[in-house]
There are 2 protein chains.
Amino acid sequence: MLIRGMKHRPKALLFDVFGTVVDWRGSIIRELRRLGRKKGVRADWALFADSWRAGYRPAMDRVRRGELPWMALDELHRRILEDLLERFKLRLSASEKHELNRAWHRLDPWPDSVQGLGRLKRRFVIATLSNGNMALLIDMAKHARLPWDGIFSAELFQRYKPDPATYLGATALLALEPREVMLVAAHKEDLAAAREHGLQTAFVRRPLEHGPQATPDLSADRRFTITADDLIDVARKLGA
Amino acid sequence: MLIRGMKHRPKALLFDVFGTVVDWRGSIIRELRRLGRKKGVRADWALFADSWRAGYRPAMDRVRRGELPWMALDELHRRILEDLLERFKLRLSASEKHELNRAWHRLDPWPDSVQGLGRLKRRFVIATLSNGNMALLIDMAKHARLPWDGIFSAELFQRYKPDPATYLGATALLALEPREVMLVAAHKEDLAAAREHGLQTAFVRRPLEHGPQATPDLSADRRFTITADDLIDVARKLGA
């Protein structure tokens, strides 16, 4: 079965992870709340989580511009965390900081993710293509029971998405042509970059990624091969 | 529980694959026999399989010495295959050759492998560290239902084992210290190299890797952290 606009059935699906497969915001807020209770500190933990995530883009851009040497996402998260702990007046021991930074290794999946991936795995090679580092993605897969066939990270190419080296690097390691690979992501910029390099694209709507107040752009976009409401819907639309 | 001689419980286990986890020889002989019947050719398919595998080491050594550019194992297998087809007078179309070369993507596990890995996966990160290329290892995991948490290949480092870059590269991607990682392999040379770079080691006896006539060195070796009879025995000895 072929979807309209899908000239080639893909052989492998690459997944963006943060926001697309796992609910980073809800998971980080839960960890912060637990830690706040333990330490007797009250704060706007949603703002802390959003600030943590918001710091990642400029930090990554500094790596991309060569102002910082290559640095895995764990290290970028840790640098941002130091500032936030000061700003939110949360005093932690070295081991508590380490443990909190590893909250990104323990993110929970969206309710549809495990079932959707399970269905897709029967018909396609399914793998991550994430800016998260390898150790983070491996720990997360164990925690969330994500049944990946392979784990590809920006770390393997020492380039962050949307650098072409990431999409084309993962495609080469799969020994496939770009048109045989589909990027599945909740972020249009990521998909647009993959499309530019010949990959097929599946846009997944994740209205709650940035919380109930956010108003992300969820409109269907004709540039992308398919648009889906969640990973089960991706499976349905790919006939899996 | 700590084994005698094991100062640190490892956090991750890296597995050699050909011979250690899968029975390459039996699987390749079965594929060749099937193809021979289809093409009406009779030959010593065990000799063909052994010659195919025997060609891999000198080909890899040529890559290591820089006489050949980096080449994934699929390509090395394909070069060796061309010679063998001539020697064994087996005439194949381009697509039949491609299909036969991919027999290495469809190797069957030893009878204990899936159960042993399943047990080990509950307590450790389990990943490949193989000279097979990524696409080969991903296809094989799907075919043989090997429940890897991660797939590391020589291809990621463009260096073949026993190059230190492979053991240390995988360890770095796991964000671990060498002593927190254990290489599990049926080949003493592989284990000795890993040990030299600080990894723990598990020697797995695979008496049938080279067929019933072969007499491989299966003696316990005090250099290695543990010696086991199969992957279930590795699990038992690591308390998993």
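Two strands count as paired if DSSP finds at least two bridges between them. Helices (H or I, at least four residues) and strands (E, at least two) are DSSP runs, numbered from the N terminus. With those terms, chain B holds an open sheet of six strands in the order β3-β2-β1-β4-β5-β6, with parallel pairing. β3 and β6 (226-228) of chain B stand at its edges with a single partner strand each, so one side of each has no neighbour in the sheet. The twist averages 25° from one strand to the next. Axes here are lines fitted to C-alpha atoms, for helices over the stretch in contact, and angles run from 0 to 180 degrees between N-to-C directions.

This is a predicted model: local features need pLDDT of at least 70, side-chain atom pairs count only at pLDDT 80 or more, and totals for chains, interfaces and linings use all residues. Residues are numbered from 1 along each chain as its sequence is written, while chains are lettered from A and ligands numbered from 1 in the order in which they are written.

**Sheet details**

Strand β5 (residues 200-204) of chain B runs parallel to β6(B), and three bridges join them. F203(B) has T227(B) as its bridge partner in β6(B). Helix α6(B) lies across β2 (125-130) and β3 of chain B. Its direction makes about 145° with β3(B).

Chain A has six strands in an open sheet, ordered β3-β2-β1-β4-β5-β6, and the pairing is parallel. β3 (150-153) and β6 (226-228) of chain A are the edge strands, each pairing on one side only. Neighbouring strands of that sheet are turned by 25° against each other on average, direction ignored. Strand β2 (residues 125-130) of chain A is joined to β3(A) by four bridges, and the two run parallel. S130(A) stands opposite S153(A) in β3(A).

**Chain A as a whole**

Chain A contains ten helices and six strands. Its radius of gyration is 18 Å, close to the 18 Å that the globule rule gives for 240 residues, so chain A is as compact as a globular protein of that length. The radius is taken over C-alpha atoms, and the rule is 2.2 Å times the number of residues to the power 0.38. The C-alpha trace of chain A spans about 55 × 35 × 30 Å along its principal axes.

Two residues are in contact if their C-beta atoms, placed from the backbone, lie within 7 Å. Ala, Val, Leu, Ile, Met, Phe, Trp, Tyr, Cys and Pro count as nonpolar, Asp, Glu, Lys and Arg as charged, and the others, Gly among them, as polar.

**The two chains together**

Chain B can be laid on chain A with an RMSD of 0.0 Å, by a turn of 180° and a shift of 0.0 Å along the axis. That is the relation of a two-fold axis. Copies are superposed by least squares on the C-alpha atoms of residues with pLDDT of at least 70 in both. Of the residues of chain B, G150(B) comes closest to the rotation axis, at 3.2 Å (C-alpha). The same surface serves both copies, as 100% of the contact residues of chain B recur in chain A.

At the interface, 15 residues of chain B are in contact with 15 residues of chain A. On the chain B side, α6 (134-144), β3 (150-153) and α7 (154-157) each supply at least two residues. The largest share, five residues, comes from α6(B). By class, this side has ten nonpolar, one polar and four charged residues.

**Backbone exceptions**

Most residues other than glycine have a negative phi, and most peptide bonds are trans.

| Cis peptide bond | Omega |
|---|---|
| K161(A) and P162(A) | about 5° |
| K161(B) and P162(B) | about 10° |

P162(A) sits in the loop between α7 (154-157) and α8 (164-173) of chain A. P162(B) is found in the loop between α7 and α8 (164-173) of chain B. K89(A), a residue other than glycine, has a positive phi near 55°. Its place is the loop between α3 (73-87) and α4 (94-101) of chain A.
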